[in-house]
Amino acid sequence: MLKRDCHALIDTGDGVFRDSGQGEVILLGPQIASGYLSATHPNNTNFGVLDGHSYHRTGDLGRLCKNQGLTIRGRLDSQIKLNGFRIELGEIEQCALQVNGVGLAVVVPRGDPVRALSLVLSGDAVNDRTIEAVRASLAAKLPPYMRPTRISVQQDLPLSLAGKVDRKQVEAFLEG
């Protein structure tokens, strides 16, 4: 429940903050901490000031109704929580992509709640040596809680109409 001096707004994707609709959740009020970067820093996109009040873009996807309140529906990014740690799946994927031979890398959370991570690799030169090189790279660059417990190879990762990896189909591949 939001306190009286805290307000939630929604950015439906056009940069305009609204008091109802579906989009990114924006928290506004005096309890919002100042940003980690100065207000003028070009990378400070999550914190700001609106009508004299500090705000924070949460990265959460939500629905705000005037009579029903705020409902969180998920994340806008691929951040998950595993064993109490927040993990950005793209960070793991980028580490895997730095290994020669890996063309695509997709991390899939496993279980509900998430209990493990699986990494699926694709590329013309992916073989057992590549997989071991990926494991070594992940071990050198990532803390243990971010390392996938399973690494698989799928030569042709399914793509959506937008050309992005279809994560639902990759999940089905892992279950089959």
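Me: What is the relative accessible area of Arg167?

Reply: This is a predicted model, in which local features need pLDDT of at least 70, side-chain atom pairs count only at pLDDT 80 or more, and totals for chains, interfaces and linings use all residues. Residues are numbered from 1 along each chain as its sequence is written, and side-chain values use heavy atoms, leaving out hydrogens and water. Buried means under 20% relative accessible area, exposed over 50%, and partly exposed in between (1.4 Å probe, protein chains only). Arg167 is partly exposed because its relative accessible area is 32%.

Me: Which residue forms a salt bridge with Arg167?

Reply: A salt bridge is a side-chain nitrogen of Lys or Arg within 4 Å of a carboxyl oxygen of Asp or Glu. Here the closest N and O atoms are 2.9 Å apart, and the partner of Arg167 is Glu93.

Me: Is Glu93 buried or exposed?

Reply: Its relative accessibility is 9%. Glu93 therefore counts as buried.

Me: How far apart in sequence are the parts that Glu93 and Arg167 tie together?

Reply: Helices (H or I, at least four residues) and strands (E, at least two) are DSSP runs, numbered from the N terminus. Glu93 lies in helix α1 and Arg167 in helix α3, so the parts tied together are separated in sequence by 74 residues.

Me: What separates Glu132 and Arg135 in helix α2?

Reply: These two residues also form a salt bridge, with the closest N and O atoms 3.6 Å apart. Because Glu132 and Arg135 are three residues apart in helix α2 (residues 128-141), the separation is about one helical turn.
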